[in-house]
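Thanks for coming, everyone. Let me put the structure up, and then we'll walk through it piece by piece.

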Amino acid sequence: IRDLRMSRGLGDVYKRQLVYGAGVLGCNLARNLLRAGKDVTLLARGNWAAEIRRNDLRIKDKFSLCTSVSRIPVVTELAPDAMYDVIFVVLRYTQLDSALDTLRANQTKNIVFVGNNVQARALAAALPEKNVLFAFALSAGHREPDRVVSIDLKKITIGQLRGAVSNAELIGEIFGGTKYKVVYEPNMEDYLLCHAAFVMPAAFACYKTDGDLKKLRGDTAYLNRLLDANIEGYRAIRNAGHDILPKTDADFESEKYRKTCLRFFKLMCATSLGKLCASDHAMNAIDEMSALNRDIKRFFDENGAAYPVWQALEAEAGRYLR
């Protein structure tokens, strides 16, 4: 499959978009926007930038026999005078601060941070002249020397901080014509806090097993402890006055919630989905998960929360977290 659109010739009707970061999430996002005829540029670095320029952006979808090949403009830096209608910042949590000066110097107004984040309000405050949004895309996998291997569910949750001016219309324009299921969330700060409270226990499981979640197949007792830690996190978030999001998780102390999540964890440990959706990222982004764990624990402590199961699982994760 080859995307041959040369987006610079499509005219002003399409938003000019930069995807700042070319990991799995960034590459899938860039490809999906490009396929909808958007005017997309990808910011990549080093050998990976050279590979995309030489052989185009190649993505092997886990459940497809084909590898998509997308011809896309590549830059290696964001110049102050490079103007876009929106910049998607798709970097690891630990890399976000390093991009702030560059984003401030650039005149683009609309900035979307995509990915894990438990410091959304502080990040928005660091860019007071910008319209800052946050998003989380359901995409996972790993990068190889010449391609990305991933599963991309083409669903993205996106919005701004609670109380900020609505960006619903802008979001509709950005993703118009794409195959994304776009979920508008006007309270992304709480959404991302809750996401961290769900994914960190899964990361503990990845580190306990050195990335081989199949070692936990059938270990219902341990998987229930993961749920206990998740519930501790949700309880701390709720008691601090934040919303539990998505709203389907609001009844997190119910037996129905526990049964649903336990089925998910069992599936994750019994199939290759665990590697693709959890351990690939956890094992290749230890610095990010360590920082996410550190910052959400700081949130728990500042709000007087107790989280003993979380702490026990963290200790069992061994040498990985720091």
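Which kind of contact joins the side chains of R294 and D295? A salt bridge, at 2.9 Å from N to O. Before going on, a reminder: this is a predicted model. Now look at how the two partners sit. R294 is partly exposed, at 45% relative accessible area. D295 is buried, at 6%. The cut-off for buried is under 20%, so D295 falls on that side.

Staying with charges. Side chains of opposite charge can pair when their charged atoms come close. Across the whole structure, the search gives 20 salt bridges. Some share partners: R31, D61, D152 and K154 are joined that way into one network.

Keep K154 in mind for its backbone. K154 sits in strand β10, residues 147-159. Its phi is near 55 degrees, a positive value in a residue other than glycine. K154 is partly exposed, with 22% relative accessible area.

D210 has a positive phi as well, about 55 degrees, and is not a glycine. D210 belongs to the loop between α6 and α7. Its relative accessibility is 44%, so D210 counts as partly exposed.

E51 and R54 pair at 3.0 Å, N to O. Both are in helix α2, residues 46-55. They are three residues apart, about one turn of the helix. E51 is buried at 8% relative accessible area, whereas R54 is exposed at 55%.

D287 and R92 form a salt bridge at 3.3 Å, N to O. Where are the two partners? D287 is in helix α10, residues 286-302, and R92 is in the loop between β7 and α3. That is 195 residues apart in sequence, so the pair ties those parts together. D287 is partly exposed at 29% relative accessibility. R92 is partly exposed too, at 30%.

Now helix packing. Take α6 and α11, the latter spanning residues 308-316. Their axes come within 8 Å and cross at roughly 35 degrees. The crossing is left-handed. Which residues of α6 make the contact? A196, A197, M200, P201, F204 and K208. From α11 come W310, L313, E314 and E316. By class, the contact has seven nonpolar residues, no polar ones and three charged.

I have three of them.

Start with N187. N187 lies in the loop between β11 and α6. Its relative accessibility is 4%, so N187 counts as buried. Not counting residues up to four places away in sequence, N187 touches Q160, R162, D243 and L245. With D243 there is a side-chain polar contact of 3.4 Å. For scale, the C-alpha atoms of N187 and A135 are separated by 11 Å, and these residues are 52 apart along the chain.

L245 and P246 are joined by a cis peptide bond, with omega about 0 degrees. P246 is in the loop between α7 and α8.

Next is N117, in the loop between β8 and α4. Is N117 buried or exposed? Buried, at 3% relative accessibility. What does its side chain reach? A polar atom of the N117 side chain lies 2.8 Å from the backbone nitrogen of Q119. The backbone nitrogen of A120 lies 3.3 Å from a polar atom of that side chain. Leaving aside neighbours within four places in sequence, N117 is in contact with Y93, L96, L123, F134, L192, L193 and L292.

T108 is in the loop between α3 and β8. At 1% relative accessibility, T108 counts as buried. Its side chain makes a polar contact of 2.6 Å with the side chain of N106. What else does T108 touch, leaving aside neighbours within four places in sequence? A82, M83, Y84, D85, V86, I87 and K130.

To close, two items to keep. Happy to take questions.

Notes. Residues are numbered from 1 along each chain as its sequence is written. This is a predicted model: local features need pLDDT of at least 70, side-chain atom pairs count only at pLDDT 80 or more; totals for chains, interfaces and linings use all residues. Side-chain values use heavy atoms; hydrogens and water are left out. Helices (H or I, at least four residues) and strands (E, at least two) are DSSP runs, numbered from the N terminus. Buried means under 20% relative accessible area, exposed over 50%, partly exposed in between (1.4 Å probe, protein chains only). Contact means heavy atoms within 4.5 Å. A polar contact is a pair of N or O atoms within 3.5 Å; within protein, one must be able to donate a hydrogen and the other to accept it, and residues adjacent in sequence count only if both atoms are side-chain atoms. A salt bridge is a side-chain nitrogen of Lys or Arg within 4 Å of a carboxyl oxygen of Asp or Glu. Axes are lines fitted to C-alpha atoms, for helices over the stretch in contact, and angles run from 0 to 180 degrees between N-to-C directions. A crossing is left-handed if the near helix is turned anticlockwise from the far one by less than a right angle, and right-handed if clockwise. Ala, Val, Leu, Ile, Met, Phe, Trp, Tyr, Cys and Pro count as nonpolar, Asp, Glu, Lys and Arg as charged, and the others, Gly among them, as polar.
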